[in-house]
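Hi everyone, thanks for having me. Let me put it up on the screen.

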Amino acid sequence: MSWSVSLMIESQLFLTFLIAITLLTVAPGVDTMVTIRNSARGGWQDGFATSAGICFGLFLHATVSALGISVILLQSANAFHVLKLVGACYLIWLGISSLRGVFNGAGLFSLPEGRARPFQLWRSLREGFLSNALNPKTALFYMAFLPQFIDPEDSALTQSLFLAAIHFVIAMLWQCGLALAVNSARSWLQNKIVSHSFNTVSGSVLIYLGVRLALMKDQ
């Protein structure tokens with residue numbers, strides 16, 4: 001096979017990867033909901049930091065996939081079941097946290113004298129990272145999808161991290177765009193009824209995703 005033909009095939013594979021990873025990123029899911037929730041809570045800074053935490057979790061999945069730990073998870077029903085339940089419990093906990101303000105009669109922005117809710121970098125990074133790292137669907141996607149674009153003659157870890165870096169950029173652009181959109185609507189969200197409704201919807205969706213994940217059949 002000539003170098004030009006080989007390059008064309010590699011380019012086609014790379015384009016396939018870009019399309020698939022972009023569709024995965026923009027599809028509504030846990031990452032989207034957590035980013036929107038935290039952006040409403042603390043503004044664009046909270047959303048950006050949450051997005052960064054989510055995207056750093058991609059490197060964990062890429063590393064796990066490249067080192068072959070994925071084989072253990074795929075072949076061990078118990079290991080996958082534990083990961084699934086931990087991730088489900090975390091999503092449910094996030095949802096309950098969102099609903100707590102509704103039951104306490106406080107909205108997302110109900111602070112004394114209109115002061116902004118303090119931004120906590122570590123909290124946002126932690127919540128984003130854990131929501132992604134504990135998501136078995138992302139883990140399974142990387143396990144099943146990434147190896148198709150890995151050249152066995154080169155370092156699997158280096159290639160996996162490179163592909164994860166591309167996913168990182170795409171996801172950051174999309175999620176930061178969501179954070180800015182939510183931030184621009186903060187004055188509207190300050191309305192108590194709207195704020196309570198947003199808390200109720202986001203919390204309920206997160207709990208639903210957690211319950212659905214817990215009930216999902218092991219693969």
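Predicted model: local features only at pLDDT ≥ 70, side-chain atom pairs only at ≥ 80, totals over all residues.

Where does Trp174 lie? You'll find Trp174 in helix 7. Its relative accessible area is 33%, so Trp174 counts as partly exposed.

Now let's go inside. In soluble globular proteins, nonpolar side chains tend to be buried together. Here, the largest nonpolar core has 19 residues, and among those with the most contacts inside it are Phe17, Tyr142, Leu146 and Leu163. Helix 1 (3–26), helix 2, helix 6 (136–145) and helix 7 (156–184) each give two or more residues to this core. Which helix gives the largest share? That is helix 7, with eight residues.

Take a look at Leu163. Apart from its neighbours within four places in sequence, Leu163 is in contact with Phe17, Leu146, Phe149 and Ile150. There is also a second, separate core of twelve residues, including Met33, Val34, Leu91 and Leu206.

One last stop: Ser39, in helix 2 (residues 30–67). Is Ser39 buried or exposed? Its relative accessibility is 0%, and therefore Ser39 counts as buried. What lies 2.7 Å from a polar atom of the Ser39 side chain? The backbone oxygen of Thr35 does.

Key. Residues numbered from 1 in each chain as written. Heavy atoms only, no water. Helix = DSSP H or I, 4+ residues; strand = E, 2+ residues; numbered from the N terminus. Buried < 20%, exposed > 50% of the residue type's maximum accessible area, 1.4 Å probe, protein only. Polar contact = N/O pair within 3.5 Å; in protein donor to acceptor, adjacent residues only side chain to side chain. Core = buried A, V, L, I, M, F, W, Y, C linked by side-chain atoms within 4.5 Å. Contact = heavy atoms within 4.5 Å.
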